[in-house]
Amino acid sequence: MPITQDNADILIISDGAGRWDAQGALRGVFAVADWPLDATLDTSGPDNIVERPVVIDVDLTEAGGFNRVKAKLKYHKAGRVALLRTHNRRAILRAHELGAKDYHVYPVNEVELCSDLQAMLNQDAESRWETLTQTQRTALRVGLKCFERCMGKAANGNPLPVEAVRTSTQHILAATKDASLDGWMDTLRQHHNYTFRHSMYVTGTVSIFAQSIGIGGRDLEHLTAGGLLHDIGKAQIPNGLLNKAGTLSDEEWEILRQHPDNARAILETDVGLAPEVADIAIHHHEALDGSGYPSGLKGAQVNDFVRLVAIADVYSALSDKRAYKPAYSKPEALEIMEGMTNQLDQALLMPFKEFILDSAG
C-alpha cells in the first residue's frame, strides 16, 4: 500500500532544498508522506483539516517560503517540528511563530529528531485515552508505565519490577473483562512505540480470547502477564533495528532472533514471576514442526500457554500497520494463519478464528 497523506504517520513540507539525509532517516522509521509547499488545499469541509504531525524543511529566513508554510498550516491541527538550515535567530523566531514545538539545526541528530517525533505521536495517541472508561484508561496508563520500567530494567540486566507486573496484569484483566478485541486494539492503534503497542495487542488478545473460552483464575493471569512480557527480550535489541521500516538484512534478522534467548537470561533471575510467564517469553517463536526458535521444540514439547500466545502474536503482527506494510484485514490475517499448518496449533486456531470474526466494536 503506498503511503499517502491519509495513512501517513507524519507529513513533510519541503522546499526541495533540504537535506535528504534527515528526511531519509524519518522515512526509515515512520510512514512519511510529502505535503508539497505549493500544493493547494481544499478547505470546503472539516474533513480537509490535517491532523498529522508536520516536519517543516523549508528555509524560513526567506520570507516567501515562510509565508507559504504559514498559509498551509492554517488548516493544520497537530504538532510541528522545524528543520533549520542554520542556527539563525530569524529562523528560530519564525519556527516558533509557525507553532513548531521544537526545532533541529542541520546537520540534524537523526536519533533525537526521530525520538522527538515519536514522543509527539505518542502524546497525541495517549491524549485520546481520555475518551475511554476509567478502567480502560487506568489499564493503558499503568500498562505503559510498567512496560517502560520493565524494558528499562531488562536493558540494563536488572530484575523486573514483579509487583508492577502483577498490578498491571490485574488492571488489564479488569479492562478486558467485558471489552471487545476491536475496541481494545483501536485504543492502541495510534501509539508509536511499536513494541509496547504490539505487546498490549497480544496481552489484550490473549486475555479477551481466553476469557471467551472459559479460561480463568491463575491460568488467565499467567497468560495475560505472559502476553505483556512476551517480547521482553527486545529490550536488549537496538531500537534502530526494532523500528526499521524496511526489510531486515540476514545479519539484522539473526540479531532480532536473539530476543527469546535474551528473555531467558532476563527472566531466569526473576523468581517472583510464574514459570509459565518465562516459558511464554522464551518459546513463543517455537513451531509445532520443530522449525521454530530458540530451542527447536516440537509437538507436545510446546505447551498450551505458548501455543495460545503464539497465535495471538502472529495475529497481532499481521493486523498491525507498519511503515513498510499495511494492516491485513481479519479474513486476510486468518487465511495466512490457516496456511501455517506446521507452525500453529490449528485445533486452537479454529475457535480463535470464530472469536476474531465475531468481535466487533
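Predicted model: local features only at pLDDT ≥ 70, side-chain atom pairs only at ≥ 80, totals over all residues.

User: Why is Val58 called buried?

Analyst: The relative accessible area of Val58 is 2%, and the label applies under 20%. Val58 is therefore buried. Val58 belongs to the loop between strand E3 (54–57) and helix H2 (63–72). Beyond residues up to four places away in sequence, Val58 touches Ile13, Ser14, Asp15, Leu37, Gly65, Val69, Leu83 and Arg85. The C-alpha atoms of Val58 and Ala17 are 7.5 Å apart, although 41 residues separate the two along the chain.

User: How do you know whether Ser168 is buried or exposed?

Analyst: Ser168, a residue of helix H6, has 0% relative accessibility and so counts as buried, the cut-off being under 20%. Apart from neighbours within four places in sequence, Ser168 is in contact with Val142, Gly143, Cys146 and Leu228.

User: What makes helix H7 mostly covered?

Analyst: Six of the eight residues of H7 (residues 181–188) are buried, namely Leu181, Asp182, Trp184, Met185, Thr187 and Leu188. Their cover includes helix H5 (134–155), helix H6 (162–176), helix H8 (194–212), H14, helix H15 (330–338) and H16. Trp184, for its part, contacts Leu140, Ile172, Ala175, Thr176, Met200, Tyr201, Gly204 and Ile208, leaving aside neighbours within four places in sequence.

User: Which residues have the most contacts inside the largest nonpolar core?

Analyst: That core has 69 residues, and those with the most contacts inside it are Leu160, Trp184, Ile232, Tyr315, Met337 and Phe352. H14 gives the most to this core, with ten residues. A second, separate core has 20 residues, among them Ile13, Leu37, Ile56 and Leu84. In soluble globular proteins, nonpolar side chains tend to be buried together.

User: Why is H14 called oblique to H16?

Analyst: The axes of H14 (residues 304–319) and H16 (residues 346–358) cross at roughly 45 degrees and come within 11 Å. Angles under 35 degrees count as roughly parallel, and 65 to 115 as roughly perpendicular. H14 is therefore oblique to H16. The crossing of these two helices is right-handed. H14 contributes Arg307, Leu308, Ile311 and Tyr315 to the contact, and H16 contributes Leu348, Leu349, Phe352 and Ile356. Classed by type, the contact has seven nonpolar residues, no polar ones and one charged one.

User: What are the angle and handedness with which H9 passes H13?

Analyst: Helix H9 (residues 217–229) and helix H13 (residues 275–283) pack at about 40 degrees, their axes 8 Å apart, and the crossing is right-handed. His222, Leu223, Ala225, Gly226 and Leu229 of H9 meet Glu276, Val277, Ile280 and Ala281 of H13. This contact has six nonpolar, two polar and one charged residues.

Technical notes:
Residues numbered from 1 in each chain as written. Heavy atoms only, no water. Axes fitted to C-alpha atoms, helices over the stretch in contact; angles between N-to-C directions. Helix = DSSP H or I, 4+ residues; strand = E, 2+ residues; numbered from the N terminus. Parallel < 35°, antiparallel > 145°, perpendicular 65-115°, else oblique. Left-handed = near helix turned anticlockwise from the far one by under 90°. Contact = heavy atoms within 4.5 Å. Nonpolar A, V, L, I, M, F, W, Y, C, P; charged D, E, K, R; others polar. Core = buried A, V, L, I, M, F, W, Y, C linked by side-chain atoms within 4.5 Å. Buried < 20%, exposed > 50% of the residue type's maximum accessible area, 1.4 Å probe, protein only.
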